[in-house]
Amino acid sequence: MQKDPEVNVLGDKLEPCSTDPVTGYFRDGHCNTCDADTGSHTVCAVMTAEFLAYSKYVGNDLSTPRPDFGFAGLKPGDSWCLCASRFLQAHDEGCAPKVHLAATHGRALEIVPLRILQEHSAG
C-alpha cells in the first residue's frame, strides 16, 4: 500500500496526530491514508467524554481496552484519527469533537466540508 501525499486540509504538510496512543491507518501517528483505507481515517480529533459515549452508542466503541489488538482504549483528551464519515455523523448529531486541522488529512475533504472542520477546530 502506498500512502497518499501527506497534505493536510489547509494544503500544508500533514502534522502528527498522536503517538501516545499511536494512531493512524498506518499506525504511524499521522492521519495518512491510501485507497485501501475504505474508512477514510483522516480526521485528527480530540476525544471528549461526550463523543466517546456517542461513539460507543452507535457501535464504534473507542473507549474499551482491547489488549488482543494492543489497544488500551481512548480517554478524553486523547487525539485519534477518526473515520471522516463518523466525524460527520457526530457533527450532524451535535456531539463532534474538536479537530486539529494541521493533522487532518486533505482527503477528509472528500467527505467533510472544510467549513465544518473549521467550526470544530481545536486551534
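Analyst: Start with one pair. Arg 66 and Asp 68 bring their side chains together in a salt bridge, with N and O 3.3 Å apart. How open to the outside are the two partners? Arg 66 is partly exposed, at 40% relative accessibility. Asp 68 has 58%. That value is over the 50% cut-off, so Asp 68 counts as exposed.

Keep in mind that this is a predicted model. In this model the count of salt bridges is seven.

Now turn to Arg 107. One of its partners is Asp 4: the closest N and O atoms of this salt bridge are 2.5 Å apart. Where do the two residues sit? Asp 4 belongs to the segment before β1 (41-46), while Arg 107 is in the loop between β3 (98-99) and α3 (114-119).

Is Asp 4 buried or exposed? Its relative accessibility is 16%. Buried means under 20%, so Asp 4 counts as buried. Arg 107 is at 23% and counts as partly exposed.

Arg 107 also forms a salt bridge with Asp 35, and here the closest N and O atoms are 3.3 Å apart. This pair, too, links distant parts of the chain. Asp 35 is in the segment before β1, Arg 107 is in the loop between β3 and α3, and 72 residues separate them. Asp 35 is exposed, with a relative accessible area of 66%.

Which residues does it link? Asp 4, Asp 35, Arg 107 and Glu 110 are joined by salt bridges.

Next, the empty space. Rolling a probe the size of a water molecule over the atoms shows where such space is left. The largest pocket holds about 610 Å³. How many residues line it? The lining has 26 residues. Nearest the centre of the pocket are Arg 27, Leu 62, Phe 71, Leu 74 and Trp 80.

Which element gives the largest share of the lining? Strand β2 (residues 79-83) does, with four residues. By class, the lining of this pocket has 12 nonpolar residues, seven polar ones and seven charged ones.

Conventions:
Residues are numbered from 1 along each chain as its sequence is written. This is a predicted model: local features need pLDDT of at least 70, side-chain atom pairs count only at pLDDT 80 or more; totals for chains, interfaces and linings use all residues. Side-chain values use heavy atoms; hydrogens and water are left out. A salt bridge is a side-chain nitrogen of Lys or Arg within 4 Å of a carboxyl oxygen of Asp or Glu. Helices (H or I, at least four residues) and strands (E, at least two) are DSSP runs, numbered from the N terminus. Buried means under 20% relative accessible area, exposed over 50%, partly exposed in between (1.4 Å probe, protein chains only). On a 1 Å grid over the protein atoms alone, a cavity is a set of points where a 1.4 Å probe fits but cannot get out, and a pocket is an open set with protein on both sides within 12 Å along at least five of seven lines; lining residues have an atom within 4 Å of a point. Grid points are joined across faces, edges and corners, and a volume is the space filled by probe spheres set on the points. Ala, Val, Leu, Ile, Met, Phe, Trp, Tyr, Cys and Pro count as nonpolar, Asp, Glu, Lys and Arg as charged, and the others, Gly among them, as polar.
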